[in-house]
Amino acid sequence: LGQDSPRVVIHDPADQNALCFVGMTEDGNTLLVNRTLYEADVIIPIGCARLEEIPGHAGLYDSLYPRFSDVETVTRWQSPAGIECASHRSWQRHPNEAGWLLGVPLVLKVVPGINGNVMKLLAGDSLTIARQANELCHSLWARSVPTPASLVIATISGPDIYHSWENVARATRAAGSVLAEGGALAISCT
């Protein structure tokens with residue numbers, strides 16, 4: 001391959017030699033990212049837009065960090081407790097700090113539509129795109145009901161790859177918003 005050919009790198013969070021220290025978070029946590037990202041001239045993270053209040057939404061740079069961090073960080077964020085905590089502002093600081101420390105001013109967000117389609121593709125400065133993505137997600141995905149239900153059945157459909165703890169957490173949070181206090185929730189994976 002010539003110098004102008006693209007290079008494909010598969011991130012291995014367990015490979016300490018492939019990681020690079022980016023800095024420390026405000027609360028004293030070490031930020032490690034894939035060395036190739038650290039050494040890149042330009043980084044444009046591509047991610048899926050989500051409602052801010054749904055588990056799994058982890059800030060402006062959630063497609064960058066913790067996905068390309070060390071095994072301990074990735075495992076912590078992918079645990080059921082980590083997925084729930086990721087939607088809290090204190091956890092969202094870490095991906096945002098990683099993006100800022102890497103000097104990533106631009107992001108690309110895919111706003112999911114119904115039936116697996118793309119509603120819109122947004123690109124630009126991270127704060128503007130975050131606001132626009134949240135507004136679009138709310139217009140398509142946020143729902144309210146006049147009266148909370150005593151039984152809510154949430155479904156996670158599609159191939160087995162969609163049947164993850166992250167999606168169970170999202171379905172639980174979404175269903176909980178229309179569930180009456182003391183009601184029952186069932187989750188069906190089809």
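Which residue in S2 does Met24 stand opposite? Met24 faces Thr30 of that strand.

1. Basis of the model. The model is predicted: local features need pLDDT of at least 70, side-chain atom pairs count only at pLDDT 80 or more, and totals for chains, interfaces and linings use all residues. Residues are numbered from 1 along each chain as its sequence is written, and side-chain values use heavy atoms, with hydrogens and water left out.

2. Strand S1 (residues 19-24) and strand S2 pair in the antiparallel sense over 5 bridges. Strands (E, at least two residues) and helices (H or I, at least four) are DSSP runs numbered from the N terminus, and two strands pair if DSSP finds at least two bridges between them. The S1-S2 hairpin has 5 residues between the strands, and Gly28 takes a positive phi near 90° there.

3. Open sheet. In the order S3-S4-S5, 3 strands form an open sheet with mixed pairing. Its edge strands, S3 (46-48) and S5 (118-125), each pair on one side only. On average, neighbouring strands of this sheet are turned by 25° against each other, direction ignored. S3 and S4 (residues 106-112) run parallel, joined by 3 bridges, and Cys48 stands opposite Val110 in S4.

4. Helix on the sheet. Helix H5 (residues 126-141) lies across S4 and S5 and runs at about 160° to S5. Axes are lines fitted to C-alpha atoms, for helices over the stretch in contact (heavy atoms within 4.5 Å); angles run from 0 to 180 degrees between N-to-C directions.

5. Nonpolar cores. A nonpolar core is a set of buried Ala, Val, Leu, Ile, Met, Phe, Trp, Tyr and Cys residues joined through side-chain atoms within 4.5 Å, where buried means under 20% relative accessible area (1.4 Å probe, protein chains only). The largest has 21 residues, and Ile43, Tyr61, Leu64, Tyr65, Leu102, Val104 and Val111 touch the most other members. H5 gives the most to this core, with 3 residues. Another core, of 6 residues, lies apart from it and includes Ala154 and Ile156.

6. The largest pocket holds about 1,400 Å³ of space. On a 1 Å grid over the protein atoms alone, a pocket is an open set of points where a 1.4 Å probe fits, with protein on both sides within 12 Å along at least five of seven lines; lining residues have an atom within 4 Å of a point. Grid points are joined across faces, edges and corners, and the volume is the space filled by probe spheres set on them. Of the 34 lining residues, Trp141, Thr155, Asn167, Arg170 and Ala174 are the closest to its centre. H6 gives the most to this lining, with 6 residues.

Terms used: Buried < 20%, exposed > 50% of the residue type's maximum accessible area, 1.4 Å probe, protein only.
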